[in-house]
Amino acid sequence: MRNNQKEQMMPSYFAAFSIANALAKFDINIDDIESKHLVNDSRFVEAGDIFAAVTGTFSEGNEYIKSAVAKGASLVIAQCKNSNEHGTIYSVTEQSNTATVVNFFELNKQLSLVSAYYYNEPHKNMSLIGVTGTNGKTSCCQLLAQLFTKNNHKSAIIGTLGAGTLDDLENINNTTPGPTKLQQLLAQFSADGIENVAMEVSSHALSQNRIDVNMIDIAVFTNLSRDHLDYHGDMGTYADVKKQLFLGSSEQVLVLNVDDQYCQSWLGELPKENRRVMYSVNEANQHLLENSEFLSASNVVCHNQGVSFKLASSWGNCDINSALLGEFNVANLLAAMAVLLVKGVELSDIAKCTEHLVPVTGRMETYFAPDKATAVVDYAHTPDGLEKALESAKAHCQGELWLVFGCGGDRDKGKRPMMGSIADQYADHIVLTNDNPRSEEPSQITADIKQGIKAKNKVDVIIDRQQAVISALSRAKEKDMVLCAGKGHEDYLIIGDETIDYHEREVVRQFYQGGAKS
């Protein structure tokens with residue numbers, strides 16, 4: 001980190017409700033501590049950091065205090081289980097390093113605010129755009145970054161593909177980072193003069209208080225379908241968690257997909273004082289756009305070079321052409337365009353840029369070679385995502401449609417036959433294979449998927465993922481299309497307790513032996 005950036009990121013005060021009072025009570029002044037970062041993952045503690053030992057979903061932060069002190073933590077703020085322990089103070093010595101530990105009740109619920117204050121509330125120096133939904137989060141954020149950049153607005157993203165500017169992404173552990181890491185990133189972006197940050201907001205992040213929704217200036221909803229029920233339990237709970245993103249301050253702008261049934265049910269529940277921009281690709285929902293700012297797409301045409309449609313909006317009407325594949329990407333594009341329009345970018349300038357957008361890594365990413373089938377690599381790993389990917393591939397396919405996919409192990413088993421049924425409906429040939437089986441037996445996962453497939457004669461099971469992809473590409477004819485679903489941008493397979501290098505996009509490229517283009 002450059003010195004001037006470090007100075008800008010250093011804390012000038014450390015306060016959040018009772019935490020400030022407790023620190024003052026014990027004469028602990030943050031300015032007296034030569035701290036660098038506030039960290040809530042002991043693996044990343046460096047000498048001088050403050051370690052926040054919070055209670056997580058699967059672990060107790062207090063179990064890692066000694067490890068953090070051994071690495072040189074200058075102070076530990078620890079979550080206690082009982083309110084009567086709040087404010088107690090003690091010391092921990094480990095490997096000749098000693099740190100003061102102060103207990104706080106329900107620290108996990110306040111850590112987002114604590115982190116923001118520690119880094120001088122960097123979100124106030126930029127527009128923070130939060131994108132949530134089951135599918136489309138990554139695509140929307142990437143499209144936003146492309147559109148902002150092409151219109152000379154410096155932007156960054158935080159999400160599945162990493163954090164940073166489009167040409168300089170840092171890998172992060174979660175789609176939405178923890179509260180301390182998030183504020184570190186925002187502080188760095190502020191120091192670098194970033195104007196807009198498009199951030200994927202996962203349901204886990206909302207459930208675990210990783211983000212304060214009041215920090216979000218523009219909240220975007222893409223869609224909601226079955227996913228993460230192993231964590232949330234049922235769709236109602238999952239939907240309620242997602243809805244939290246749209247309950248921020250009255251200044252928050254809401255960008256909403258009215259084609260989604262859950263969004264439709266929210267329209268009467270979300271705060272009426274907030275500015276709303278609705279978007280739709282379904283003519284049957286046009287009545288929901290009345291009395292609101294809106295964008296709608298009609299006459300959607302899928303062709304060899306992408307997709308085109310007619311845009312009607314509160315900002316004017318025009319024709320849109322894009323190299324993106326599929327109608328679902330039209331919805332993602334409308335969401336991104338809505339954000340730029342809210343930010344004051346002219347519609348005509350946005351429309352010109354849509355012609356130069358490039359597909360998002362591992363999202364309906366296409367590969368061609370002479371005399372070979374077209375290959376499409378996509379991240380679709382939910383029933384709705386798979387259906388949309390298959391619908392889009394079918395619209396662009398001139399021959400037969402092949403599908404290579406699997407389902408993750410140790411996750412929601414109920415979606416497996418559902419995805420099998422969807423595959424049966426759209427694909428002419430199905431190759432079932434591995435997709436992070438984890439501790440489960442791969443053959444049992446493919447058997448679960450096959451329960452939803454009636455036409456068993458069009459199904460092959462090839463457990464080795466690379467061989468499954470190569471087999472489909474080898475057998476497909478020139479006008480056919482092969483959709484490889486589930487891995488997308490990912491570069492690994494999790495089999496048992498081992499993470500194995502696997503790059504599906506590279507497998508396809510190598511099959512085409514350098515003759516492919518994407």
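**Exercise 1. Identify the residue of strand 9 that is the bridge partner of Ala 163, and describe the sheet around it.**

Step 1. The bridge partner of Ala 163 in strand 9 is Glu 170. The model is predicted: local features require pLDDT of at least 70 and side-chain atom pairs count only at pLDDT 80 or more, whereas totals for chains, interfaces and linings use all residues. Residues are numbered from 1 along each chain as its sequence is written, and side-chain values use heavy atoms, with hydrogens and water left out.

Step 2. Strand 8 (residues 162-165) and strand 9 run antiparallel and are joined by 3 bridges. Helices (H or I, at least four residues) and strands (E, at least two) are DSSP runs, numbered from the N terminus; two strands pair if DSSP finds at least two bridges between them.

Step 3. An open sheet of 11 strands, with mixed pairing, has the order 9-8-7-10-6-11-12-13-14-15-16. Its edge strands, each pairing on one side only, are strand 9 (168-170) and strand 16 (316-322).

Step 4. Helix 12 (residues 347-354) packs on the sheet, touching strand 15 and strand 16, and its direction makes about 15° with that of strand 16. Contact means heavy atoms within 4.5 Å. Axes are lines fitted to C-alpha atoms, for helices over the stretch in contact, and angles run from 0 to 180 degrees between N-to-C directions.

**Exercise 2. Determine how many aromatic pairs the rule gives, and examine the pair of Phe 221 and Phe 246.**

Step 1. Rings of Phe, Tyr and Trp (its six-membered ring) pair if their centres lie within 6.5 Å; planes under 30 degrees apart count as stacked, over 60 as edge-to-face and the rest as tilted. The count comes to 5 aromatic pairs.

Step 2. Phe 221 and Phe 246 have ring centres 6.1 Å apart and planes at 80°, so the pair is edge-to-face.

Step 3. Because Phe 221 lies in strand 11 (residues 218-221) and Phe 246 in the loop between helix 9 (235-243) and strand 12 (253-257), the pair ties together parts that are 25 residues apart in sequence.

Step 4. Both Phe 221 and Phe 246 are buried (under 20% relative accessible area, with exposed over 50% and partly exposed in between; 1.4 Å probe, protein chains only). Ring pairs link these two residues and Trp 266 into a cluster.

**Exercise 3. State where the charged end of Lys 487 sits.**

The charged end of Lys 487 sits over the ring of Tyr 492, 4.9 Å from its centre. The criterion is NZ of Lys or CZ of Arg within 6 Å of the ring centre and within 35 degrees of the ring normal.
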